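Trainee: Could you take me through one part of this model slowly, beginning with a single residue, and then show me how that part sits within the whole chain?

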Amino acid sequence: MNLPQDAYTLFYFNRVPVKARPGFWAAVLMLWSAMAWLAGKRRSERSLIQRIAVGSLSAFIGLSADLGHALAHTVSARRAGAPMDAVLLGADMPRTLYANNNVSPQTHRMRALGGPIFSRFGFLVSFFWRHFTAPGTLSRELADISTFAHGGLFLGSLTPLPVVDGGVILKWTLVEKGYSQAQADQIVRRTALSAGAVAVAGVILSLLRLWDR
């Protein structure tokens, strides 16, 4: 486990240090700015102060969904008997770091389950929150953001990409079935390319339909 020299500890969760790099705060600022802009876009009558306030709440919800997903891995890793060593926050997605990766395929899979379980639970809670709010209210607006954030993280984490939970689960399931790690990595990469091609094709078709309207 190699930590960047500019990473420093923000706090501890489940006895695991949560460390941040300077780029993390730039990402927070960008998210907050985007949410403040979106708050004004959705309700143009809002004042600057109101846009900033709603943007702050929205950014907090988005960050909580993202960070909560990572922190949930500390729980599943500890239950698997192979605790995490650090959570690293940077300009990109949070990273879960382990000093000991010489563990069984079942342990690798269990480590990877914490985040998707948290995001699925967050999506369900957000969905019911949204269901019981009235259209046009601030509560509905925040519920929309929470539903999108948790739902997007849940679906994204289960995609068969090597760097996310779905790819980890697929890889170690294949290893458990008798494939070598190199073979499993190759299958995950091919699956990721196929999934990416399908996604790109879907986007292109959607854009063509919009163009024809």
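Mentor: Let us begin with Phe11, which counts as partly exposed because its relative accessible area is 32%, where buried means under 20% relative accessible area, exposed means over 50%, and partly exposed lies in between (1.4 Å probe, protein chains only). This is a predicted model, in which local features need pLDDT of at least 70 and side-chain atom pairs count only at pLDDT 80 or more, while totals for chains, interfaces and linings use all residues. Residues are numbered from 1 along each chain as its sequence is written, and side-chain values use heavy atoms, leaving out hydrogens and water.

Phe11 lies in strand 1; strands (E, at least two residues) and helices (H or I, at least four) are DSSP runs, numbered from the N terminus. Together with Tyr8, Leu10, Phe13, Trp25 and Val75, Phe11 makes a nonpolar surface patch of about 510 Å². Such a patch is built from residues with over 30% relative accessible area and no salt bridge, with nonpolar side chains (Val, Leu, Ile, Met, Phe, Trp, Tyr) joined within 5 Å and like charges within 9 Å, and the areas come from the Shrake-Rupley method with a 1.4 Å probe, only the protein chains shown counting as cover for residues. Strand 1, residues 8-13, gives the most to this patch, with four residues.

Of the 213 residues in the chain, 37% are buried, and the accessible surface comes to about 12,800 Å², with 65% of it belonging to carbon and sulfur atoms.

Leaving aside its neighbours within four places in sequence, Ser58 is in contact (heavy atoms within 4.5 Å) with Met35, Leu142 and Ile145.

In helix 4, residues 138-157, we find Ser157, which is buried, with a relative accessible area of 5%. With neighbours within four places in sequence again set aside, Ser157 contacts His69, Pro116, Val164, Asp165 and Gly166.

Charged side chains make further links. Side chains of opposite charge can pair when their charged atoms come close. A salt bridge is a side-chain nitrogen of Lys or Arg within 4 Å of a carboxyl oxygen of Asp or Glu, and a search of the whole structure finds eight of them. Arg42 forms one with Asp144, their closest N and O atoms being 3.2 Å apart. This pair links distant parts of the chain, since Arg42 is in helix 1 (residues 22-42) and Asp144 is in helix 4, 102 residues apart. Glu176 and Arg109 meet in another salt bridge, at 2.8 Å from N to O. Here helix 5 (residues 165-176), with Glu176, is linked to helix 3 (residues 105-131), with Arg109, across 67 residues. Within this pair, Glu176 counts as partly exposed because its relative accessibility is 46%, whereas Arg109, with a relative accessible area of 19%, is buried.
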